[in-house]
Amino acid sequence: MDKAMLIEALGRIVGPAGLRHDPVDLLVYEYDGSVDGAVDTASPLAVVLPETTEQVAGVVRLAKSAGLPVVARGAGTGLSGGAVAQQGGIIIALTRMDKIIELNPLDRTALVQPGVINLELSDFTRGSGFFFAPDPSSQKACTIGGNCAENSGGPHCLKYGVTTNHILALEVVLPDGSVIWTHSSGDGMPGYDLTAAMVGSEGMLGIVTKALVRLTPVPPMTAVMMAAFPEMDGAAAAVTAIIARGIVPAALEMVDNLTIQAVEPAYHAGYPMDAGAVLLIEIDGLPVDVEETSHTVEQICREHGCNEFRAATATKERELLWKGRKMALAAMGRLAPNYYLHDTVVPRTKLTATLDRVAEISRDANIPIANVFHAGDGNLHPLMLFDRRRKGDVERVLDASHHLIEYCVGIGGALSGEHGIGTEKRGYMTLVFTEDDLAAMAGLKRAFDPELRFNPEKVFPKGYVCGEVRALRNQARAQQLMATHDIYPM
Amino acid sequence: MIRQRTATLTELLIDGIQPRHQLRVESVEQLADLLAGVIAGGGAVVPVGGGTALGLGNVPKEVQASVSLTGLDRVLDYEPSDMMLSVEAGMTMTAIQETLGEHGQYLALDVAFPEKATIGGVIATAFAGPRRLTDGTLRDQLVGATFVRSDGAICKAGGKVVKNVSGFDLARALHGSLGTLAIIASVNLKVLPASKEDATLVAHAEDTDQALGLCRQLLLTATRPTALDISITDDGAEVAARFTGGLAGVEHLCDENRAGMEAAGLVGIQTLSGAESAQWWQSALDERAAERPDIVQIHATMRPSAVEGYLARLRPALVELAPNTRLTVSPGVAAVHVAAPMRAGASQFWLASLRQAVAAGAESAVIACAPASVKHDLDVWGEMPPDGLEIMRALKREMDPREVLNTGRYVGFI
């Protein structure tokens, strides 16, 4: 099938309004939200914007007969290159499938199409007393389908869990164009938990066309506290102490001094400019419990050197305190033209040591690193600040990244807490997983997609799914011996 | 590897079939060696934990070996401040809760016979008691696993931190897989601070409708109970609501809900607190889940909003088919547990008819326990194959190409 025939056939399925193939129109689909340089851009042959499951299935069947790769895409806010069509082919953008089909308060569920925007779902359900708990920073733009693909997190995951804990069933278009509903073993449904397999599979197993999501009741009371500390160490110790006391805050976030310098002058959240670090602590539940717990949290913070503490229960004040955290990335432009955002996770008890190591890496590489992150669950977000135009900056950032990832993995952490592996971190997978581990994952891939056409070049180190094991073995050995300092060896 | 010939294990039967070999392992390496040595196509290799749910699954054709995992009973890593516990699969739930309890923490799950049930078995069977209403299942707490494939390869997925999107989530995919993909050797679990207070309200309702009406009210509040069950027998309906959390909060919820129960017309309201509350739920769960030759258990699921209509259809159907059946309804998670006394001379046809009645209007109806003589040839997991069965078969081929792990016992006789 030549390109003209393909375009015509796609047009017949999705209509002219749902088809993009002009090179200029395709430019925006060459990227996602990840940093240029860490992820290669690539252009698809065509982009389709279907409106129904049948259209998605039709496009997938056409791609199968043409032997083309298929890449599903939501809002394109991903941070690991997951929505970039590395091998070309067809991008299926699901943003026009944006209907909330049903809301059921007794079941605490909503049935939604994949293009529904995360925040819009929460806004829609709040009137009925519910919200959708996963709240990634991109929640104003990112879609539920994308959240499923990446198993997205956000600040409130500490108490409420990540996306996989909130997805009950999925309608999925499989690589052969058939459509199934997956169910969850958590609901007592028989059969392998294909919902668990799908969530976080980065679009490599199937395309979500409907999701039955769990809704969480808006708690009767919410309190947000800001605790400022002279040093980061004190703040990190307070984090550990709060958890050790048996308190599970709804969110527990840390903002370091460098971030405060960027965010406070722009958004006036009320973070002291001279603080070494600020903790944002959100407690929710029954009023009696919230009051008691808030008091304990203040006490713990003061014991660990907190010199300024403020609590807010009114919505407006709470939102202002949160604003500094939520706008941190947007404010980074005040400090440097570019940043590279990491997403490693470490055990909470290793937080202090890890922050020390981050500071050391920053000094050694001469790259400022800002820390604004989900402290409660150990999910770091070091922002490496640089200037792409300055000679040597990119290399130093990549080198520093390598040291950071190596350290976090070495102390029992994870490569990525919520951003995904994509193409960005696939080269690092062998730091964490053995050949046998990856072979088991590849088995799952082949069970869904034996022709390996859904979102190729993601998650697995190059060539691995189709069995270039020997190359992988050598690569693993090389990485373990730290013989390579090239961040993207493949 | 230890070949058991002791009195305790000689009676082990898998649906009436005696394994040709009864084996026990004490390390993951032993497990790997054992699996590497089993015979492809030589019959099922059945992993066994505490043996509390051996009745779940289709009747296997042959069993070449049972593998007891109770020798894998060590804590591998526990750092209370990380709220993360790493344990071997054969550790019992009681041992786990005791370990955690010393540090004021617990694993959010209630199971039947916790002193016997192993964590690996609970994951494989996806068992979850009434606390599932607020705590979810182990699917929610499971953040990583080490498992052994039938070729002896030792693999891991996930990790030891709660937030982790590095690679496919194979650990969660093992939840409810009945050991048919791989044998779980160890798991990493998210744990929580233990509740300070535990209280239960138990009350009698005039009839099922009254009980369901009250539950509906309770379920529509933001402060749902931790667990909520209705036990329905021919004598009436009993509602139990459990509240856990901080001292002041639990007291407040108990007062509020007691008043709600009175207003709804329920009678004989009792308040149980502390150990008494916990004991009440444990006894109820043990009684319900006990595998007995004279009781058939079927587990039906649906959406909560479908429960009322479902029960209205099911109850008349049971009058003739299975008198004296006890129904335990968890309206919040929409699970209905059917415990039907075996009829004298009951046949496979009877069980199939009973399951058909239980399945009507439900999303699934799994025969959790029935004598092999009546369930033989039935797919206990459901009359109709689930969506995605072809993917499931393909996954089985990929993970267990030699087709030995609990072969024949799973959905669609996988």
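Helices and strands are here taken as DSSP runs, numbered from the N terminus, and it is in a model that is predicted that the following elements are described.

By that naming, N324(B) sits in the loop of chain B that runs between α11 (307-321) and β17 (326-330). Is N324(B) buried or exposed? Since exposed means over 50% relative accessible area, N324(B) counts as exposed because its relative accessibility is 57%. Apart from neighbours within four places in sequence, N324(B) is in contact with D234(B), A339(B) and P341(B).

Leaving aside neighbours within four places in sequence, V404(B) is in contact with V38(B), I39(B), A40(B), G41(B), G43(B), A44(B), V45(B), Q64(B) and S150(B). From L266(B), which is 138 residues away along the chain, V404(B) is separated by 53 Å, C-alpha to C-alpha.

In chain A, helix α11 spans residues 315-326, and its 12 residues reach 15 Å from the first C-alpha to the last, close to the 16 Å expected at 1.5 Å a residue. Which residues of α11(A) are buried? They are R318(A), L321(A), W322(A), G324(A) and R325(A), and, seen down the axis of α11(A), these buried residues fall within an arc of 145°, so they line one face of the helix. On the other side of α11(A), K316(A) and E319(A) are exposed. An α-helix has 3.6 residues a turn, so residues three or four places apart point the same way.

How values were computed
Residues are numbered from 1 along each chain as its sequence is written. Chains are lettered from A and ligands numbered from 1 in the order in which they are written. This is a predicted model: local features need pLDDT of at least 70, side-chain atom pairs count only at pLDDT 80 or more; totals for chains, interfaces and linings use all residues. Side-chain values use heavy atoms; hydrogens and water are left out. Helices (H or I, at least four residues) and strands (E, at least two) are DSSP runs, numbered from the N terminus. The expected span of a helix is 1.5 Å times one less than its number of residues. Buried means under 20% relative accessible area, exposed over 50%, partly exposed in between (1.4 Å probe, protein chains only). The arc is that of the directions from the helix axis to the C-beta atoms. Contact means heavy atoms within 4.5 Å.
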